[in-house]
Structures are given as structure tokens and as C-alpha cells.
Amino acid sequence: MPTLSSLRFKNRLYYVLLAAGGLVALAGLYAVHLMEHHGHIITGMNNQIVWGVPHVFAIFLIVAASGVLNVASIGSVFGKAIYKARAPLASLLSIAMLAGGLSVLMLDLGRPDRIIVAATNYNPTSMFAWNIVLYSGMFSLVFVYLWTMMEQRMNRWTKPVGFAVFAWRFILTTGTGLIFAFLTARQAYGSALLPPMFIVLSFAWGLAVFHVVQTVIYAWNEKTLDPAILQRKKNLLGVFVIGSLYMVATYHLTNLYFAHQAGFERFILLEGGVYPRLFWWGYVLFGSLLPLLLIFSPGLEKTKYVMAASLLVILGSFALLYVFIIGGQAYPLNIFPGYQVSSSFGDGQIATYHPSLYEFLLGFGGLAIAFIITTVSVRVLNFMPQDKPYISD
Amino acid sequence: MNDIDIQRRSFLKTSLGAAAVAIAPGMLLIDVAHGKPQTVNGPKSANSKVRWGMLINTTQCKSGCNDCVTACNRENGLSGDTKPTDSQWIRKIELKDDSSGRDLSLPMMCQHCEYPPCVDVCPTTASFKRADGIVLVDKHRCIGCRYCMMACPYKARSFVHEPLHDQKPDVPRGKGTVEACTLCVHRVDQGLKPACSEACLNKAILFGDLNDPESEISRKIRSVASVQVRADLRLNPGIRYQGL
Amino acid sequence: MPKRDIGRGGQCVEDPQWMRKNHMHLLKHQRDETVRKGIRDENISLKNCIECHASTKDDSVIARDDSFCVACHRYEAVKIDCFECHSGMRKSAWMQRNTK
């Protein structure tokens with residue numbers, strides 16, 4: 001039984017955490033203000049690396065926002081009870097991360113003050129324009145989904161709405177992948193494998209985020225998760241991490257098979273300095289193999305190991321996205337195949353990129369927005385998973 | 001649900017309808033009041049019978065010569081600096097053939113594609129192609145997302161990273177938007193040649209109407225071998241290169 | 001009405017009262033016509049407005065608090081979104097200053 005003083009302490013701690021989140025978000029907004037005033041010159045981005053660290057954060061948040069709904073779908077669509085109990089929390093996280101990711105994406109624009117133009121002048125051939133529809137649709141759909149779950153009179157609609165969410169998030173992550181897949185001229189991106197790769201990555205990243213949040217909420221409420229449930233969910237994470245590795249490996253292997261892209265693969269996997277290091281150490285070793293070891297080693301069934309594995313998967317995802325987005329742009333565009341080229345505009349040279357503090361502030365600001373939405377919602381509404389005694393289904 | 005609820009609902013519905021009926025004619029009148037004065041004999045516009053293009057003769061282009069770049073910078077008010085954050089609408093590329101070792105030099109700029117990827121990907125239709133084939137950025141609509149820079153196979157576009165001051169009256173440019181070679185649209189509309197073409201002492205840059213079979217450029221293209229850069233992408237650029 | 005420097009002034013489009021109310025619609029309409037369709041109607045182009053309305057003292061519509069555009073826009077607290085990109089200077093004067 002918690003004592004009065006421990007409750008008081010916790011109450012105070014809650015507000016301290018919330019204030020810390022608010023400060024980080026404010027720092028992000030301050031960075032945006034400076035970027036507005038001075039222009040993107042204060043970031044590390046330039047005419048060769050046009051998308052940088054803010055996009056790494058934004059795409060992580062958006063992809064994870066879609067993936068975390070997997071937890072909800074397994075409950076609503078496939079009728080598994082332990083996932084059903086977690087669907088509201090998963091939906092909340094999805095909304096929170098989507099809001100954070102979109103904020104980063106929007107505030108990084110050269111003219112964020114004009115964002116309304118994206119609604120008044122719509123280009124149906126643009127994948128970006130489609131994604132604007134997909135994101136806003138996702139917001140509304142997940143809100144409706146939450147409503148059908150939390151309002152008892154609406155419960156009978158949970159299943160059909162759950163189906164709609166299930167379909168929508170597949171299309172949404174496909175859309176995110178297509179942003180890159182349609183860039184046919186760039187060696188790193190024009191690949192039909194990217195949408196399915198992003199979908200599988202979203203499963204792993206979303207579930208990892210869910211594990212972290214769930215662990216914190218259980219610890220906060222001094223509850224323990226049924227070990228059988230923990231076991232099942234961590235095995236699922238393991239399967240998703242293996243799936244991600246498979247997709248990433250296939251993507252690189254197909255590139256290697258296309259002779260004209262071998263140069264790019266040699267750069268990104270071997271000779272590109274920071275990019276191969278981040279790929280092998282960050283994504284493969286610390287972001288995939290080590291979590292797999294923590295997940296599948298016998299005797300490590302404790303919550304803290306699952307937590308560690310999840311955090312590592314999240315770190316690995318940032319490493320992978322950095323390599324994918326920035327490494328992909330750093331390798332020079334092949335404008336004249338069969339020629340060695342040089343110019344004042346970086347032709348034929350590896351582009352350099354030094355991310356600035358402001359980009360990180362903006363990125364962490366996005367994470368903070370997601371954090372604030374989650375912590376406030378968890379306090380005012382009941383998102384705690386309500387498990388019945390566990391029966392395997 | 002009780003009677004009061006139902007009454008309240010029907011009252012709200014009726015009043016909303018009435019409000020809409022009351023406001024609608026007023027809204028229409030605002031349009032009338034804002035009516036624009038008609039111009040008699042509308043001035044001429046970009047014509048789809050024309051397709052502007054260039055033929056660049058790389059055999060006439062001297063390595064190390066930068067006259068076209070300088071002229072472009074002067075004409076369009078660019079600083080001429082070459083830091084990675086500076087705009088470069090046209091650049092000289094030095095090439096060496098991997099297999100034969102042949103050296104050549106050529107200017108590279110927006111290729112004014114018939115099927116421009118930048119126009120396809122632009123979420124706000126800020127990137128667009130004029131009727132006469134010139135690909136432009138409408139900076140009034142550009143939100144600075146830089147997707148077009150990712151999509152362009154020629155790296156033709158630059159993003160304005162800093163606030164600008166004292167722009168040329170003919171060439172508005174501004175922070176936070178993407179820009180590129182306009183084919184000197186402000187000159188072309190006056191019947192002049194683009195600045196780079198005019199500045200080239202060796203006459204390596206031939207400008208003209210690709211759709212007019214009698215134009216100098218069309219006759220030249222028929223008689224000498226020329227190629228489009230990355231023709232495999234089938235974007236049908238309006239800029240062609242001879243001797244590549 | 002705030003005190004403002006109307007430059008050379010004069011009337012070539014509509015009477016001043018009409019222009020005060022509607023100039024933005026003309027400018028916005030003409031900007032789309034010019035940029036997207038290449039219709040360069042000299043008479044109602046921004047450049048042409050500036051040509052007459054720029055101050056005779058400093059050749060600008062935005063340089064001072066009582067410049068032609070600034071005076072009213074400040075009075076009405078409406079942000080002008082033109083001159084971050086467009087030159088606020090009379091073209092003839094700009095050319096004279098920048099070509100030696």
C-alpha cells in the first residue's frame with residue numbers, strides 16, 4: 001500500500017517530468033524561431049544534403065506511430081485478448097507520435113508560415129501531398145477508434161473501425177516508403193522494396209516504443225506485468241527485429257545485384273566513414289543482434305531486459321534512418337554515367353554534413369511533444385491495460 | 001430522449017439553415033464588389049506552340065571558362081559564392097571519360113524537362129511547367145519542403161538558406177524557398193536570349209524554339225548528333241548536348 | 001489616414017479609394033497570371049506600381065515608416081509578404097545604382 005508521502009512525492013515527480021518535457025519542446029520551438037529568423041544556414045543542411053536530422057526524427061516518429069497500432073490491430077482484428085487490453089494505449093501512442101513527427105516535419109519547412117498552401121493548392125501526383133491526406137486521415141480514424149473503445153455504447157463499432165485503422169496504417173506506411181521509392185534517379189532510394197521494408201520496420205519500432213511506455217506505466221503504478229504476457233510480447237518483438245534485418249539485407253543485396261549501384265553499396269556498407277559505422281555498429285549490432293540476444297537468451301525473462309532490448313531497437317532505428325536518409329544523399333548523384341566529374345556544386349564528390357544543435361533541438365522537441373501528449377492523457381484518462389488472468393489463445 | 005432535446009435540435013437545424021441562406025448572397029456580392037477591371041486586348045502569354053530549349057556544343061565549351069556562370073549570377077542577382085549552402089543556377093562540370101580518358105567541359109543547369117520530376121513531386125504545385133516548356137518555381141506557393149531537390153536527377157535546384165536583401169527587381173528571390181535556372185524567363189518574355197547564351201563567346205549555347213522546324217536550333221539538331229543527359233529516364237529535357 | 005510618401009503618384013488603374021480597398025486582389029491575380037502563364041500586364045504589375053509610387057527621395061516603397069506601402073500597412077497592422085523576395089525599389093533607380 002503506497003503511503004501518503006510517497007504519493008505526494010510521485011505527484012511532484014509527475015509535474016517535474018511534465019515540465020521537463022515542456023522545456024524540451026520549448027527549446028525545439030526556440031530552434032524553429034532561430035531557423036525562421038536566420039534561415040536554414042544555421043542547420044547543417046545544405047544544397048546536397050537537403051533533408052537532415054529533423055527528418056530522421058520525423059520519419060522515426062511517423063513510422064513508429066503506424067507500427068505501434070499493430071498492438072491494437074492484433075487485438076481488434078485478430079481478436080487476441082491481451083492485445084485488446086492494450087489497444088487504447090497503443091492508439092494514444094500513435095496519435096502522440098504522429099503529432100510529434102508531423103510537427104517536426106512541418107516546422108523544418110523553409111516557409112512553415114505558409115503551410116496552409118498545402119491544403120489550398122493540392123497536387124495529386126505528389127506523394128507528399130497524398131501523405132498529408134494519409135496523416136490527417138490517420139489522426140481522425142485513430143480518434144474514432146479510441147472513442148469506440150472507451151465509450152461503452154460505441155463498443156460494437158470497435159471491430160469495423162479497428163479494421164479500417166489496420167488498412168489505413170498499412171497504406172500510410174506504404175506512403176512513407178513511397179516518398180523515397182519514387183525518387184528513381186537516386187541510387188539509394190528508387191526501390192520498390194522500400195514500402196514493405198518500412199512496414200516491417202514500423203512493426204519493430206512501434207512495438208519497441210510500446211514496450212518502453214508500458215514498462216514505465218506499470219512501474220509507475222507499482223504493478224507487475226504477467227510474465228506470460230511479457231514473454232509473448234517480447235518474442236513478437238524478436239520476430240519483428242529479425243523481419244526488419246531480413247528486409248534491410250534484401251534491400252542492400254538487390255542494390256548490390258544491380259551493377260551500377262555497387263558503388264553506392266560499397267560507400268554505405270564499407271568505405272563511407274560514419275555511415276557504415278552507424279550501419280554495422282548502430283543498427284546491426286546494437287540495434288538488432290544485441291536486442292535479439294536479450295530477447296531469446298534463456299534466463300533473461302525479466303522486464304528490465306525487455307526494456308533494454310526495446311531501447312536498443314529504438315536507438316538502432318535512429319542509426320538506420322540516419323544512414324538511409326543522410327547517407328543516401330551524401331553519395332553523389334550519377335548524372336553522367338561512365339564519366340568522372342567535378343564541379344563547384346559537389347558533383348562527383350561525397351557531400352559533407354555536420355548536423356547542428358538546432359536540428360537536434362527540433363528533433364527532440366518532436367519527441368517531447370509526443371511525451372507530453374502521452375503523459376497528460378495517461379493521467380486524465382484510463383489507458384492502463386486491464387488484463388484478465390492470462391489464458392493462452 | 002425527451003421533448004426538449006428534440007425541440008432544441010430542430011431549432012438549431014432551422015437556425016443554421018436560415019443563417020446559411022442569409023449569408024450566401026452577401027458572400028456572392030463580395031465577389032462582385034471585388035470585380036477586377038477588364039484589360040482590353042489581353043497581353044500575350046506563354047504559348048504552347050513554342051518549346052524553348054538549348055543546344056550546348058561541348059566541343060566549343062572551354063575548360064576553366066566560367067563566363068556563362070558569371071553572366072547568370074549577374075543577371076539574376078546571385079552572390080556567385082560556392083559554399084554548399086549557396087545557390088548555383090548554372091555550374092560548369094569538368095568530365096573525363098572513364099574508358100577513353102577524353103576530357104570535356106560543359107555547363108549544367110535546369111534541363112527544363114517535358115516530364116519534370118520536380119513538378120510531379122511538389123505537394124503544392126509550386127513547381128510547374130509553363131506552356132512554352134520553361135520549368136519554374138512559383139515562390140508564392142513554395143513551402144520549402146525540398147522534395148523537388150530530392151527528385152531532380154540533375155541536381156539543378158538550390159534552396160535559399162539565408163535572408164536576401166536588395167534583389168533584382170526582375171528576379172525576385174527569397175529565403176526558405178527553392179529556386180533554379182528560369183531560362184531567364186524575364187528576358188525570354190521580352191524576346192531576348194538567356195544571359196548565359198548571350199555571354200558565351202564561343203557560341204556554345206544555342207537558344208531557340210524546338211517546336212519551330214525552321215528555327216536555327218531545330219535545324220542544327222536535325223543535322224548534328226546531340227543527346228539529352230540521362231535520356232534513359234525519359235524526361236525529354238529541353239536542353240541538349242552536342243559532343244557528349 | 002496616416003501620413004505617407006506617395007512618390008510620383010498619379011492614377012493609372014482605378015481611383016485611389018478603389019485601389020486602397022482592392023490593390024491586393026489585383027496584385028495577387030496578376031502575380032499568378034505573370035508567374036504561371038507568362039502574361040506580363042505592365043499596367044498592373046508590382047514593378048509598375050513601384051515605378052510611380054516609390055519615394056522620389058529614396059526610390060523605395062518600403063524604406064521608411066512613411067513609405068508608400070509601409071505607412072498604411074503599419075497603420076492597419078497588416079503584414080506585407082511581398083518584399084522578402086521582391087525588390088521594393090524603383091527598377092530604373094536600381095539599375096542605375098547597380099550598373100557602372
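How far apart do the closest C-alpha atoms of chain A and chain C lie? In this predicted model, the closest C-alpha atoms of these two chains are 11 Å apart, and no contact joins chain A and chain C. Two pairs of chains are in contact, and the pair formed by chains A and B shares the most contacts.

The interface between chains A and B draws on 39 residues of chain A and 43 residues of chain B. On the side of chain A that touches chain B, at least two residues each come from α6 (117-120), α7 (127-150) and β1 (339-343) of chain A. The most is given by β1(A), which contributes five residues to this side. In terms of residue class, the side of chain A that touches chain B comprises 19 nonpolar, 17 polar and three charged residues.

Chain B itself contains seven helices and ten strands. Of its 244 residues, 43% count as buried. Among the contacts in chain B with a separation of 6 or more, 61% are accounted for by residues 24 or more positions apart.

Within chain A, a helix pair was examined. Helix α2 (residues 53-67) and helix α8 (residues 158-181) of chain A have axes that come within 9 Å and cross at roughly 155°. Because an angle over 145 degrees counts as roughly antiparallel, α2(A) is therefore roughly antiparallel to α8(A). The crossing of α2(A) past α8(A) is left-handed. The helices meet through A:I59, A:I62, A:V63 and A:S66 of α2(A) and A:R169, A:L172, A:T173 and A:T176 of α8(A). By class, four nonpolar, three polar and one charged residues make up the contact of α2(A) with α8(A).

Terms used:
Residues numbered from 1 in each chain as written. Chains lettered and ligands numbered in written order. Predicted model: local features only at pLDDT ≥ 70, side-chain atom pairs only at ≥ 80, totals over all residues. Contact = placed C-beta atoms within 7 Å. Helix = DSSP H or I, 4+ residues; strand = E, 2+ residues; numbered from the N terminus. Nonpolar A, V, L, I, M, F, W, Y, C, P; charged D, E, K, R; others polar. Buried ≥ 20, exposed ≤ 12 C-beta atoms within 10 Å, placed from the backbone. Axes fitted to C-alpha atoms, helices over the stretch in contact; angles between N-to-C directions. Parallel < 35°, antiparallel > 145°, perpendicular 65-115°, else oblique. Left-handed = near helix turned anticlockwise from the far one by under 90°.
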